[in-house]
Amino acid sequence: MADNKLDNQRLRNFKKKGRDLETVRRQQNELVVELRKIKRDQHFLKRRNVPIGDEDTELDSDFKIQNSSLEEIIRNTSSNNRDLQLCGLKAARELMSSNYGPPIQDITKSGFFPILVHFIQQDNNHVLQLEAAWTLANIAYGPAENTEAVITANVVPSVLKLLDSTYEEVAEQALLTIGNIISDGPKFRDYIIGLGLIKPLLSCINPSKSLSFVRTVTWVILNICRRKDPSLSQNVVQEILPELCALIHHSDTAILIDTVLIFSYITDGDNEQIQMIIDSGVVPYLVPLFSHQDISVQTGALRAAGNIVTGTDEQAQVVLNCGALSHFQALLTHPNTKVNKDAAWFLSNVTAGNQQQEEAVINANLIPLIINLMDKSDFAVQKETAWLIANLTNSGQKDQIDYLVHQNVIFPFCSLLTMVDPQIILVVLEGISNILNTATDKTKLIAHQIEECGGLQMIDQLQLHENEDIYRMAYDILDQLTSDENEESTPAPEAMQDDKPHHTGCPWLCIPCWLP
């Protein structure tokens, strides 16, 4: 067998074992990207209120907005007449939420922000205060340059004080403004947190508030937690955890969806942060949500718990001890492929753990379902099943390898060699190599299965792959398959015309003489 394998350049010990942090977080980071995409589809990152039930028709409203100039608005809001002030603020609110709103540069130069701050501070007139806060929320709903202008105008400190307003509608407009600002990036998030956001924000979560209000609060917390580069500080995570642990019990599905998504973001941290979340006591309440009737709750809970499983073996065991695996028969046969994908991803992290955890997956009778998904599902699901099987083969336990061979894993596993993703090809090749190295008494059976499904031809072609690790590993596997019949097998040449060692034109690839 060839001795020149480039072990230090391969995917070694898959997932957590023997790998640096960047490799450990590969799949986790992919999920974070997908979470953000899904959230954009399901929930606008920015929000604004749209008035309902106005007496004016849509055409009348558009006509009024187009004929409301910024100069007229400033003239009315600067007068001493309360009716004119209210009229001006309403016109501003409508103008800022329309397609006819002025550029943010004009708003800044006109001196309108100080006027808004003046009315936001009018605690003795909540009607004017509401219109001013609503107008500001509509401005912050715009692009990032609007957010920059709001920050520069030093409006936010006054907005934060509105969270304590006795008028819920005023406080909710303040929440919308804050959430819209935070959604534009970590810089703005950290700025508002530095002004003392967290304590008054968490105080907004109480039974006396309306459902709509609590939904808005949860959305703001979601925006706080979802941003990275840099991630939210652990001190803030620790501060918000008690309220999140309360929200996980909420009966409203919208609030629950945002809550599990928040957990999926804050569990995407180092082992210290994962332990902090475990210590909060939330895990026993996350796991039952794997079987929630709403798919968004299911996937959010799966991702949150799956992130915990990427931690230490002891942290992963906390999730398993809550009966997590009992949910996976249903998850792996769910009609929604996103659920299948997240379930396979979760289990791939479990099979990266210790032998007891790997055995737990096998004893739960989940491997036949995984192999079925590997054979019949789409690429995204197949990719996760490849990692799961490869992790099992990496353990080196012969009884586990024998079980995989008995479950006919070779056929769908080899079919993944046709994928264009080099990393998955490497994962599959490494898995096949592990199977051959461990199940030495079944070499002929395994070789026959590989040949029968066309795997030999696929591996032979991979010797011509442009990826150095792939072609060398393909050579090594072919060398493994022939070593028993050719004890004096020709060693891998140092170089050929293309500098790639490979088996060439071996007749046994078509008619293996060593097969029974």
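**A tour from Gln400 to the chain ends**

Select Gln400 and show what surrounds it. Leaving aside residues up to four places away in sequence, Gln400 touches Gln355, Glu358, Glu359, Ile362, Leu392 and Ser395. Keep in mind that this is a predicted model.

Now widen the selection to residues 398-406. This is helix H26, and Gln400 is found in it. Is Gln400 buried or exposed? Its relative accessible area is 1%. Buried means under 20%, so Gln400 counts as buried.

Next stop: Ala344. Select residues 337-350 to see helix H22, where Ala344 has its place. Ala344 is buried too, with a relative accessible area of 0%.

Which residues does Ala344 touch, not counting those up to four places away in sequence? Pick out Leu332, Ile370, Glu384, Thr385 and Leu388.

In sequence, Ala344 and Ala386 are 42 residues apart. In space, they are 9.2 Å apart, C-alpha to C-alpha.

Finally, colour the model by pLDDT. The protein has a mean pLDDT of 84. A pLDDT of 70 or more is reached by 80% of its residues. Go to residues 1-29, where the pLDDT is below 50. In the model, this stretch has 84 contacts beyond near neighbours in sequence. Then jump to residues 504-516. Here too the pLDDT is below 50. Beyond near neighbours in sequence, residues 504-516 have 19 contacts in the model. Where pLDDT is low, the predicted coordinates should not be read in detail.

Technical notes. Residues are numbered from 1 along each chain as its sequence is written. This is a predicted model: local features need pLDDT of at least 70, side-chain atom pairs count only at pLDDT 80 or more; totals for chains, interfaces and linings use all residues. Side-chain values use heavy atoms; hydrogens and water are left out. Helices (H or I, at least four residues) and strands (E, at least two) are DSSP runs, numbered from the N terminus. Buried means under 20% relative accessible area, exposed over 50%, partly exposed in between (1.4 Å probe, protein chains only). Contact means heavy atoms within 4.5 Å. pLDDT is the predictor's confidence in each residue, from 0 to 100.
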